[in-house]
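Student: I have a new structure to look at. Could you walk me through reading it?

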Amino acid sequence: MLIYTRTGDKGKTSLIGGRVDKDDIRVDAYGTVDEINSFVGQAVSELDQRLFSDILEDLEKIQHELFDLGTDLANVSSERKAKLKSDTIDYLEKRIDAFIQEAPQLERFILPGGSKPAASIHIARTVTRRAERLVVSLTKLDEGSSSAALKYLNRLSDYFFALARVINFRLKINDVEYARSAKVFKGKRKTTTDDK
């Protein structure tokens, strides 16, 4: 199998159903999704299977979903159907709720970092926000772009934030609060049957 094709040597690339310049916003959007996937892969390589088996399962699932999302963003065919399913968002919300219960209550903004895997997840979070901005711009140009993509990226960045905190918590590493932050998170945790 040849990895190089030479078809992109003049600054064009193939989509599903067409060709565009490599600096097209659609290419930027799915390339940024690929970037997220790489940082997730980096975090996976840094996580201990014994302590993070549930999270590793999540992250592998997310890596497949990111490939689905990249495929959706690269598809300009008139008969396109989204590969990314809306039920992925429900799953992310359930996991976010669980992570919020597990980690210490948060009142102030925190600095990205802590452990290596948490730092990788924080990078994935910020790249996810960039991908979301690009997809917003893309939907202004192409109304056929999937609304599920925007919802998914929005929820995924929240998931990564909650996940980074849980990773640090399980590793017994404290999050560092932003020194000049006011108390910004005033909501109470959801009550679960375990709290009663």
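Tutor: Let's begin with Glu 93, which counts as partly exposed at 32% relative accessibility. Buried means under 20% relative accessible area, exposed over 50%, and partly exposed in between, with a 1.4 Å probe and protein chains only. This is a predicted model: local features need pLDDT of at least 70, side-chain atom pairs count only at pLDDT 80 or more, and totals for chains, interfaces and linings use all residues. Residues are numbered from 1 along each chain as its sequence is written, and side-chain values use heavy atoms, with hydrogens and water left out.

Student: Which residue does Glu 93 form a salt bridge with?

Tutor: A salt bridge is a side-chain nitrogen of Lys or Arg within 4 Å of a carboxyl oxygen of Asp or Glu. Here Glu 93 pairs with Arg 155, their closest N and O atoms being 2.7 Å apart. Glu 93 sits in helix α3 and Arg 155 in helix α5 (residues 147-170), so distant parts of the chain, 62 residues apart, are linked. Helices are DSSP runs (H or I, at least four residues), numbered from the N terminus.

Student: How many salt bridges does the count come to?

Tutor: The count is 14. Another one joins Arg 170 and Glu 102, at 2.7 Å from N to O. That pair links helix α5 with helix α3, 68 residues apart.

Student: Are those two buried or partly exposed?

Tutor: Arg 170 is buried, with a relative accessible area of 17%, while Glu 102 is partly exposed at 27%. Through shared partners, salt bridges join Asp 54, Asp 58, Arg 95, Glu 102 and Arg 170 into one network.

Terms used. Helix = DSSP H or I, 4+ residues; strand = E, 2+ residues; numbered from the N terminus.
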